[in-house]
Amino acid sequence: MIPPKEISLFGKNPRFSSAKASKPHLALRMDESFPLLDVQAGHRQKLCGSNYPLSIAFIVVNEFCERFSYYGMRAVLTLYFLSFFHWDENLSTAVYHAFSALCYFTPVIGAIMADSWLGKYKTIIYLSIVYVVGHLIKSVGAIPSLGNQAVHVVLSMVGLFLIALGTGGIKPCVSAFGGDQFEEEHTSERSKFFSIFYLSINAGSLISTFVTPVLRGDVKCFGEDCYALAFGVPAALMVLALVVFIAGSGLYRKTPPQGNVLLEVCKCIGFAIKNRLKNRSREIPKRDHWLDWASEKYSKQLIGEVKMVTRVLFLFIPLPMFWALFDQQGSRWTLQATKMNADFGIYVLQPDQMQFLNPLLILVFIPIFDLGLYPLIDMCKFNFTPIRKMATGMILAGLAFGLAAIIEIKINETDMPRLVPEESLIRVLNLAKNPVQVTIQEKDLFQQPVETFQNPAEYSKLILNGEQQSLRFTLQHQGLTLAFNYTVKEKSVYSLIVFEAEGSLSSRLITDLEAKPENGLAAVRFINGLSQDVNLTIDSRKFIAVQKNYSPSEYSLLERDIYNNGKCITETGEFPLELGLLDFGASYTIVITNISGGAVKTWKSEDIKANNVHMAWQLPQYLLISAGEVMFSITGLAFSYSQSPASMKSVLQAGWLLTVAVGNTFVLIVAEAAPMAQWAEFVLFTVLLFAVCIIFSIMGYFYVSVDPEDLEEKEEKRETSSRGNMIGLVTQKTKL
């Protein structure tokens with residue numbers, strides 16, 4: 001999943017915005033003026049004789065490496081929690097979205113640091129160092145041999161916190177710093193720069209979300225998936241990003257801190273509320289707007305601009321629900337992909353690689369929508385307003401989750417049944433030479449004889465009279481009746497093995513897997529039907545010792561593959577072992593029957609069915625939610641910017657980023673506080689987004705679009721006419 005990237009306008013008097021930059025990671029801030037400070041010869045160096053400063057090449061490369069670093073790390077994060085820490089799906093999802101939310105809270109900190117204290121250049125340098133340290137700690141925490149799980153968790157959480165502080169902190173600075181490099185008259189070049197900047201973001205996210213899962217799944221280190229490498233490569237890219245940025249230091253134009261308008265807005269709002277509470281007397285005339293109570297301390301212009309931006313921020317209230325669904329591409333949708341068939345014939349896709357579809361589709365959809373769909377709608381004389389576009393984007397995202405719910409239901413058809421107390425599952429594997437009739441004490445199961453080497457279609461449900469029960473199993477075979485007693489526990493899955501030993505019929509009750517193997521792995525165990533112990537080697541990595549006389553081995557988890565190059569080592573020699581295809585999410589019992597013709601003869605039973613829903617069925621989900629993002633995110637930013645004064649762009653962008661943070665926070669609350677079946681959770685989010693869409697549409701219906709410049713003039717006239725009616729107020733101690 002590629003989270004939203006946007007154009008951020010943090011700063012004083014920004015006057016430029018681009019509708020093309022859609023997603024909340026492209027931060028763009030431009031000041032009303034670009035003072036020529038400390039102009040050196042390097043500042044005048046141009047790129048290939050054009051009007052583009054040479055310094056922007058360093059900034060674009062820096063952004064590509066940083067976005068590769070961030071998205072590459074985040075692409076494998078959910079599976080890291082699930083497989084490396086062995087957390088459950090709900091906890092993995094909650095921590096993933098907590099990290100995502102933090103990444104969208106910290107841009108406010110970075111903007112304040114840059115505008116009020118350090119300036120953009122130093123803020124980028126210092127927070128990039130924090131960023132690099134976080135990546136390195138995160139990579140070290142993924143080395144299995146380094147300490148126990150507690151050490152890994154602590155290192156990973158510290159690393160993620162530093163990464164969130166770094167990536168969020170530099171978010172509002174980098175693109176704005178690039179804009180600072182242009183002369184004021186080069187507006188066309190500056191505009192094209194931001195298009196190139198946006199392209200570098202999508203290129204970095206597209207490549208990293210495809211490559212990093214390959215490093216995780218296809219490369220093995222320490223005997224398992226190589227998360228240390230999957231995190232280490234993004235760490236190296238972040239180091240490269242920092243080195244490239246510092247290398248261009250002598251070429252940059254560096255503007256000093258100019259004060260942060262976001263802080264001024266917060267102070268103005270706080271003062272208005274405080275002043276209103278102190279002047280509650282009925283004898284004090286009411287004011288037309290609650291923000292007018294800040295007029296004793298703040299200018300009429302600032303108050304008027306705050307009024308304008310609060311109108312737009314009010315429309316932001318329903319928006320977090322869209323991001324709550326959108327950002328689950330990297331959590332719930334990735335977990336869903338682990339339970340699907342990923343074989344595309346020429347290539348087996350990793351479940352976390354599906355996230356690369358989002359940036360790819362965004363790059364395809366933007367020109368299609370701008371040059372094709374929207375002009376076609378205009379030709380049909382339909383007034384497709386920005387509010388309607390955003391509502392349509394919400395509907396498309398809701399439909400995507402509706403499809404995800406349907407797919408989840410189909411996936412569950414191959415799952416093992418959920419067991420309740422006093423309930424177990426059992427089946428019979430007849431490894432004898434003739435059919436066997438099995439009877440269980442007081443249970444009406446197995447009406448027909450079990451044929452020899454019959455692959456049971458499914459397990460039978462066994463009802464107990466307590467947490468465990470001792471049951472008598474009766475076997476009828478060639479006129480002989482034998483009885484065996486076994487203790488069966490609730491919520492367990494069993495196989496009763498029937499075999500011939502020393503001329504007599506015997507049996508053994510063994511425990512099976514209770515759920516499908518996670519992450520699309522295949523589970524396999526062996527039953528040694530030989531009269532001698534065997535050692536098995538699978539794919540030159542798995543070494544399994546199995547005792548003689550129908551003893552079972554433990555389950556081994558293997559990647560989905562065709563395993564025909566195994567070896568079986570016995571007292572009499574070494575023989576080739578062919579297992580065939582071990583498919584996604586399946587569980588197998590393989591019985592070694594005999595050695596004949598210089599090879600091991602086996603019989604394979606599929607205990608749990610393989611994943612039979614293909615991963616390609618997720619494509620419609622990604623198509624819908626990516627189309628929804630183009631309509632929602634790009635349109636929302638362009639509309640909201642057009643409805644606010646230039647000096648308030650930074651406040652608006654802070655509000656936009658916070659909607660993403662709040663949306664991720666909502667997901668982690670649902671994942672932890674209200675665990676439910678996954679398909680039901682998808683339906684819940686679908687219903688919630690549709691409900692929010694209706695609310696947003698109603699709010700948009702009553703919203704009256706304005707020109708900020710016209711609104712400023714009206715505000716000034718209104719305040720001038722009402723100035724004579726104001727009663728003087730003491731803000732510290734109110735007196736009539």
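A charge sits over a ring if NZ of Lys or CZ of Arg is within 6 Å of the ring centre and within 35 degrees of the ring normal.

**View 1. Lysines over tyrosine rings in the predicted model.** K254 lies over the face of Y121. The distance to the ring centre is 4.1 Å. K389 takes up a position over the face of Y374. Here the distance to the ring centre is 3.9 Å.

**View 2. A stacked pair, Y80 and F84.** The whole structure holds 44 aromatic pairs. In one of them, the ring centres of Y80 and F84 are 5.0 Å apart and the planes meet at 20°. Planes under 30 degrees apart count as stacked, so this pair is stacked. Both residues belong to helix α2 (residues 77-84). They are four residues apart, about one turn of the helix. Y80 is buried, at 0% relative accessible area. F84 is buried too, at 11% relative accessibility.

**View 3. An edge-to-face pair, F401 and F682.** The ring centres of F401 and F682 lie 5.4 Å apart. Their planes stand at 85°, so the pair is edge-to-face. F401 is buried, with a relative accessible area of 0%. F682 is buried, also with a relative accessible area of 0%.

**View 4. An aromatic cluster that includes Y80 and F84.** Ring pairs join Y80, F81, F84, F85, W87, Y227 and F231 into a cluster. The stacked rings of Y80 and F84 are among its members.

Definitions and conventions: Residues numbered from 1 in each chain as written. Predicted model: local features only at pLDDT ≥ 70, side-chain atom pairs only at ≥ 80, totals over all residues. Heavy atoms only, no water. Phe/Tyr/Trp six-rings, centres within 6.5 Å; stacked < 30°, edge-to-face > 60°. Helix = DSSP H or I, 4+ residues; strand = E, 2+ residues; numbered from the N terminus. Buried < 20%, exposed > 50% of the residue type's maximum accessible area, 1.4 Å probe, protein only.
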